[in-house]
Amino acid sequence: SLAMFYVVVGAFILSVVRPNPFLFTIALFSGYLVWTGFRRARYKNAVLNKVDKITAVIGVLIILILFGYGLNLIQSQNSIGIVLIFFGLGMVTFVFEDVRALKSDLYKSKLRIANHLQRMLGGTIATITAVLVQQLIPRIQNTQIPEFVIWIGPTIVLTPLIFYWSK
């Protein structure tokens, strides 16, 4: 949890020092997953509290940012906006689950720990993908390596771990 927190903070700092709105939005997405994953690891009460309600509202704001900036990029003929729309759709699922959890005791026992692992690894995948895309794609543009390998590589490698640990 702490290592992913540092990665997200580093992404925020890097996206400001070396202006990169794309990386900033991915840091928001990853940050939400890491924060809610951390909350699931620590959450043991029957009722979620005010922090969780505020987190859900922030999640909705992040969705709007992802969709808004993603659509802006697409209108500017930049296909990377599709990635932000895709992450925004994923965020809808996470926030919906969190809002549903506010109304029930959804996060008890094994489900709570599985949710923690899913969120932490989801944040890890998003962060690794963003860094690889920003750093490697410009370097492979005139090579035989297709860009989609960079985009889907972390997901292909790490998603099976999510399924394994969730079971």
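Is Thr124 buried or exposed at 17% relative accessibility? Thr124 counts as buried at that value, where buried means under 20% relative accessible area, exposed over 50%, and partly exposed in between, computed with a 1.4 Å probe and protein chains only. The model is predicted, so that local features need pLDDT of at least 70 and side-chain atom pairs count only at pLDDT 80 or more, whereas totals for chains, interfaces and linings use all residues. Residues are numbered from 1 along each chain as its sequence is written, and side-chain values use heavy atoms, with hydrogens and water left out. A search of the whole structure finds three salt bridges, a salt bridge being a side-chain nitrogen of Lys or Arg within 4 Å of a carboxyl oxygen of Asp or Glu.

**Helix α1**

- Helix α1 covers residues 2-17, with helices (H or I, at least four residues) and strands (E, at least two) taken as DSSP runs and numbered from the N terminus.
- The 16 residues of α1 should span 22 Å at 1.5 Å a residue, and the end C-alpha atoms are 22 Å apart, which agrees; the expected span is 1.5 Å times one less than the number of residues.
- Met4, Val8, Ala11 and Ser15 are the buried residues of α1.
- Seen down the axis of α1, these buried residues fall within an arc of 55°, so they line one face of the helix, the arc being that of the directions from the helix axis to the C-beta atoms.
- Exposed residues on the other side of α1 are Leu2, Ala3, Tyr6, Ile13, Val16 and Val17.

- Thr124 is found in helix α5, which comprises residues 109-140, and, leaving aside its neighbours within four places in sequence, it is in contact with Met4 and Leu158, contact meaning heavy atoms within 4.5 Å.
- Ser30 belongs to helix α2 and is buried, with a relative accessible area of 0%.
- Not counting residues up to four places away in sequence, Ser30 touches Val8, Gly123, Ala126 and Thr127.

**Salt bridges**

- Side chains of opposite charge can pair when their charged atoms come close.
- Arg39 forms a salt bridge with Asp52, and the closest N and O atoms of this pair are 2.9 Å apart.
- Arg39 lies in helix α2 (residues 21-42) and Asp52 in helix α3, so the pair ties together parts that are 13 residues apart in sequence; both Arg39 and Asp52 are buried.
- Arg119 forms a salt bridge with Glu97, with the closest N and O atoms 2.7 Å apart, and this pair links distant parts of the chain, since Arg119 is in helix α5 and Glu97 in helix α4 (residues 81-102), 22 residues apart.
- Arg119 also forms a salt bridge with Asp98, for which the closest N and O atoms are 2.8 Å apart; with Arg119 in helix α5 and Asp98 in helix α4, the pair ties together parts that are 21 residues apart in sequence.
- Glu97, Asp98 and Arg119 are linked in a network of salt bridges, in which Arg119 counts as buried at 0% relative accessibility, Asp98 counts as buried at 4%, and Glu97 is partly exposed, with a relative accessible area of 24%.

- The 26 residues of α3 should span 38 Å at 1.5 Å a residue, and its end C-alpha atoms are 38 Å apart, which agrees.
- The buried residues of α3 include Asp52, Thr55, Ala56, Gly59, Ile62, Ile63, Leu66, Gly70 and Leu73, and what covers the buried residues of this helix includes α2 and α4.
- Val57, Val60, Leu61 and Leu64 form a nonpolar patch on the surface, with about 370 Å² of accessible area together; accessible areas come from the Shrake-Rupley method with a 1.4 Å probe, and for residues only the protein chains shown count as cover.
- Patches are made of residues with over 30% relative accessible area and no salt bridge, like charges being joined within 9 Å and nonpolar side chains (Val, Leu, Ile, Met, Phe, Trp, Tyr) within 5 Å.
- Leu64, whose place is in helix α3 (residues 50-75), counts as exposed at 56% relative accessibility.
- Gln77, which follows α3, has a positive phi near 65°.

**Leu102 in helix α4**

- Leu102 has its place in helix α4 and is partly exposed, with a relative accessible area of 26%.
- Leu102 and Gly88 are 14 residues apart in sequence and 21 Å apart in space, C-alpha to C-alpha.
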